[in-house]
2 protein chains.
Amino acid sequence: MAPMGDLPVVQAMRYASAGGKRLRAFLVLESARLHDVAPQNAIWPAAAIEAMHAYSLVHDDLPCMDDDDLRRGLPTTHVKWDECTAVLAGDALQTLGFECVSCEACHDDPLVRAELTLTLARAAGARGMVLGQALDIAAETAEAPLTLEEITRLQAGKTGALIAWSATAGAVMARADTAPLYRYAQDLGLAFQIADDILDIEGDVATVGKAVGKDVQAGKATFVSLLGLEGAKSRARALVDDACDALAPYGSEAESLREAARFVIARNS
Amino acid sequence: MAPMGDLPVVQAMRYASAGGKRLRAFLVLESARLHDVAPQNAIWPAAAIEAMHAYSLVHDDLPCMDDDDLRRGLPTTHVKWDECTAVLAGDALQTLGFECVSCEACHDDPLVRAELTLTLARAAGARGMVLGQALDIAAETAEAPLTLEEITRLQAGKTGALIAWSATAGAVMARADTAPLYRYAQDLGLAFQIADDILDIEGDVATVGKAVGKDVQAGKATFVSLLGLEGAKSRARALVDDACDALAPYGSEAESLREAARFVIARNS
């Protein structure tokens, strides 16, 4: 019988969580730094959110979902192994996310660990990320294309919830006010998704590292189809300005979070 | 845009977690009662473990995994809806499991909530249930059939880990010694799996509520193929005796847990 580390599912977990921009981990570490949370603690929610994000990508890419072959410039997990391994690896990555935030190394105070766990579960579940996914799927067979309000609600779940969790994690760990970081993250998450929709139009597959042009091909309503390309760009810029303003209580200490917000709409992958 | 409760994924979550024997919830509630934990608290880990169990069944039944059409006498989730909805519903049920044990209603003491979460993650992840699943899949393409030792390790992960978590949850909630319940659960979990292997041979599909004869058909090593039918039955009876003995510290208070152990090998579904 193979040792655990040699099992395809464990190799696939490692493969699926490698690479990427690490935006969510960065948000955790920066929000922790702003609140003087030790990096050796902050690394746990940072690892947790990247595991959760990786799980969501592995399952999203499955043939029965978005059926994508390419992710981060490499074959998706079910292409590299098979669907069965991809389902299991995604499942175990979600579990690992919860293990990271509930283990003692994450924080001395069990109240903080329980709070990180509960907020992570709410962000990832059927009122957060899975809700966004389900609304996205429902939209594919809906009679009318989504309105701007509907697509905003969809994206607030699909990508916004985990981004908001990441950006507020440092404040939760310090038991401090999460409101400024929450406002920052709401704006950032929406700007991030608008930028994604723009990349789907303007990006090329080699740089973006995943399929492009899929939304237009599928006739899906996106921020670009609803606002136009220029309208979407100007909306994203306004959101980034708002996101930066929300960080005022932190002064110049939050400059790298402001840079991250500007990066989110300037990125090409 | 549909309200959340009407979304197929939420309907599928409800469908997949209905029915069943509720053995794991029963173990949580009984172990809680033995430690004078209030039922209004114990109901949360009981709900959590049933959500986790339901998630594992929904994903196990997928075409890329065991490809089963029937579960608890009804069409499996991906047959009733589709694979995409089944993957998402399973994902969200796992998340819900972690939400149930980390919410304040579960327990006043955040240390207990964090401990329930951490132990649940360890039982469900790549060193517990997912490990068992992965070993099971690896066995299908292995050159030699599994030995008794290997199959015991496989089952300890696949079904044993969540059963052990359930039976010890009450002691964790009371911050009491988990050792007697852990020993009980180890024996019970193995007896449960041996009984499952026997049902696969002796049961009929209408009573069992899921496909039977699959192991023999697939030429899989099981406790029955390794020990023979009578050998398996006598091993299961010995395990149940040991499980009952492990409860000695609780005296007659633990009689319903002893009955559950006897039920596990006498059941016909």
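How much area do chain B and chain A bury between them, and what share of it lies on carbon and sulfur atoms? In this predicted model, the two chains bury about 4200 Å² between them, and 74% of that area is on carbon and sulfur atoms. The size of an interface is often given as the accessible area lost when the parts come together.

The contact itself involves 46 residues of chain B and 46 residues of chain A. Several kinds of interaction between the chains can be counted, and they are set out below.

| Item between chain B and chain A | Value |
|---|---|
| Salt bridges | four |
| Residue pairs in polar contact (both at pLDDT 80 or more) | 12 |

A salt bridge joins A:R127 to B:E99, where the closest N and O atoms are 2.5 Å apart. On the side of chain B that touches chain A, the elements that give two or more residues are α1 (8–16), α3 (39–60), α5 (83–102), α6 (110–124), α7 (129–140) and α8 (148–173) of chain B. The element that gives the most to this side is α5(B), with 11 residues.

How are the two copies arranged? Chain B can be laid on chain A by a turn of 180° and a shift of 0.0 Å along the axis, with an RMSD of 0.0 Å. The two copies are therefore related as by a two-fold rotation axis. The same surface serves both copies, since 100% of the contact residues of chain B recur in chain A.

Key. Residues are numbered from 1 along each chain as its sequence is written. Chains are lettered from A and ligands numbered from 1 in the order in which they are written. This is a predicted model: local features need pLDDT of at least 70, side-chain atom pairs count only at pLDDT 80 or more; totals for chains, interfaces and linings use all residues. Side-chain values use heavy atoms; hydrogens and water are left out. Contact means heavy atoms within 4.5 Å. Buried area is the accessible area (1.4 Å probe) that two parts lose on being put together, summed over both. A salt bridge is a side-chain nitrogen of Lys or Arg within 4 Å of a carboxyl oxygen of Asp or Glu. A polar contact is a pair of N or O atoms within 3.5 Å; within protein, one must be able to donate a hydrogen and the other to accept it, and residues adjacent in sequence count only if both atoms are side-chain atoms. Helices (H or I, at least four residues) and strands (E, at least two) are DSSP runs, numbered from the N terminus. Copies are superposed by least squares on the C-alpha atoms of residues with pLDDT of at least 70 in both.
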